[in-house]
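The tour goes stop by stop: select, look, move on.

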Amino acid sequence: MKIGIDTFGCDHGRSGIGTYLMSLVRNLPENNDISFELFGSEMDRFTFTGEKSFVFESVAVPESLVAERYWHTFKVNSFGKKRGYDAIVYSAGPRMLPRSFKVPGIAVVHDIVSNLFEQSDDFWFRRQMKKGLSHADCIITPSQYIKKDLERSGIKCRRIEVIHNGIDHSLFFPRTDLGDAAEIVDIKPFAIKRPYIIYASRMQNEGKKHVELVRAFTRFKEKTGLPHRLVLAGSEGPYGETVHKAVFESSFSSDIFVTGYFPHENFPELYRNADACVFPSVTEGVGLSVLEAMACGIPVACSQAGAMGEMAGNNALFFDSDNIEEMADAIEKIVCDSALRTKLSAEGLEWTKRFSWEKTAAATLELIGASK
């Protein structure tokens, strides 16, 4: 069996779906029964494979969203047949799909599709997305929340399966030293002063709730006078200017550190040295950042909207992200209540043991075989 893996739409590894694809590919088996071939932009030849020896087939498509979508609409099927694929995994699911499939297609969907429909005024794109997803042989989602959203959005795919994302436990694990932590965390190219709380998410839209978190953090500082800083780690997206404005207007702007893009491999150190992770986003269908923080042994407070309740279980402190006072109180509790911190850290660490990329890759491979 020969499986093609589409790397288009994965932001060259600099986004959640990019991290997903890197982790999945690096945990796929290398054997004689199944061969994998990645295809996409030449600049991604070495982005997703790591030490794997999988073939990468470069596709000559201009570096633009319009050109890549055009290629998927009119050329990916003939490309897949020419390459001899028995199935194609479309990693960027809703964003990069043909309308019909001459080679069996498995679409990976990490997006909340109803939000994509609402946010796009491109009728052609919405129509293309709905047809492509409905005609796919199978859809893989990382949560029940996204599966239900697809069904509510009128996607008629005959098979939608939930396969949770994994955690790389060789990277994300608790601190092992028992001594006092250094005052400065040196994570090149940053030097971050402790103590701090962390929120890792791209500044993509208002549903990420960066602005509300900045306001809640400001209120927390006003109430407690504690020395904590807020670290906002994530790429500058369309909502970045609004977030920077909120930070500038905060009376504690000097205690808010915006990193911009932060390499995924450096996040474990960032998490391990934080006092807590606060995750206010209400548009999460995956919630991997929350699980990775838990795996590093730090307590988590988060919104219960989206897939957060499903992903975190009963192992986080939940709050309403639109209620600034409630969020500020949650920050205070998770920083100051030692018994609560100990409980959430221990339970979160135990909870995350059920998630691994090895399990994710094995389940995905089994599903591909069944879909062929």
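Two strands pair if DSSP finds at least two bridges between them. Helices (H or I, at least four residues) and strands (E, at least two) are DSSP runs, numbered from the N terminus. This is a predicted model: local features need pLDDT of at least 70, side-chain atom pairs count only at pLDDT 80 or more, and totals for chains, interfaces and linings use all residues. Residues are numbered from 1 along each chain as its sequence is written, and side-chain values use heavy atoms, with hydrogens and water left out.

**Stop 1: the open sheet**

Select S1 to S7. They form an open sheet of 7 strands in the order S3-S2-S1-S4-S5-S6-S7, with parallel pairing. Which strands stand at the edges? They are S3 (55-58) and S7 (160-162); each has a single partner strand, so one side of each is left without a neighbour in the sheet. From one strand to the next, the twist averages 25 degrees. Angles here run from 0 to 180 degrees between N-to-C directions, and axes are lines fitted to C-alpha atoms, for helices over the stretch in contact.

Now take strand S2 (residues 35-40). It runs parallel to S3, joined by 4 bridges. Phe39 stands opposite Glu57 in S3.

Move to strand S4 (residues 87-90). S4 pairs with S1 in the parallel sense over 4 bridges. Ile3 has Ala87 of S4 as its bridge partner. S4 is also joined to strand S5 (residues 105-108) by 3 bridges, again parallel. There, Tyr90 has Ala107 of S5 as its bridge partner.

Are the faces of S4 covered or open? Both are covered: Ala87 and Val89 on one side, Ile88 and Tyr90 on the other, are all buried. Buried means under 20% relative accessible area, exposed over 50%, and partly exposed in between (1.4 Å probe, protein chains only).

**Stop 2: the cores**

A nonpolar core is a set of buried Ala, Val, Leu, Ile, Met, Phe, Trp, Tyr and Cys residues joined through side-chain atoms within 4.5 Å. Select Ile198, Leu232, Leu270 and Tyr271. Of the 92 residues in the largest nonpolar core, these four touch the most other members. Apart from that core lies another, of 31 residues, among them Tyr90, Phe101, Val103 and Phe125.

Zoom in on Tyr271. Not counting residues up to four places away in sequence, its contacts (heavy atoms within 4.5 Å) include Phe172, Ile198, Ala200 and Cys296.

**Stop 3**

Select helix H8 (residues 240-249). Its buried residues are Gly240, Val243, Ala246 and Val247. They cover an arc of only 125 degrees around the axis, which puts them on the same side of H8. The arc is that of the directions from the helix axis to the C-beta atoms. Glu241, Phe248 and Glu249 are exposed, on the face turned away from the buried side.

What do the buried residues of H8 pack against? They meet H7, strand S11 (229-233) and strand S12 (256-260). The axes of H7 and H8 come within 9 Å and cross at roughly 10 degrees. H7 and H8 are therefore roughly parallel to each other. His210, Val211 and Val214 of H7 make the contact with Thr242, Val243, Ala246 and Val247 of H8.

**Stop 4: a crossing pair**

Select helix H12 (residues 324-336) and helix H13 (residues 338-351). Their axes come within 6 Å and cross at roughly 85 degrees. H12 and H13 are therefore roughly perpendicular to each other. Angles under 35 degrees count as roughly parallel, over 145 as roughly antiparallel, 65 to 115 as roughly perpendicular and the rest as oblique. Lys333, Ile334, Val335 and Cys336 in H12 meet Ser338, Leu340, Arg341 and Leu344 in H13.

**Stop 5: loops**

Go to His228, in the loop between H7 and S11. His228 is buried, with a relative accessible area of 6%. Leaving aside neighbours within four places in sequence, its contacts include Pro195, Tyr196, Asp255 and Val335. His228 and Arg194 are 34 residues apart in sequence and 7.1 Å apart in space, C-alpha to C-alpha.

Step across to Arg194. A cis peptide bond joins Arg194 and Pro195, with omega about 0 degrees. Pro195 sits in the loop between strand S9 (190-193) and strand S10 (196-200).

Finish with Lys209, in the loop between S10 and helix H7 (210-224). Its phi is near 65 degrees, a positive value in a residue other than glycine. At 10% relative accessibility, Lys209 counts as buried.
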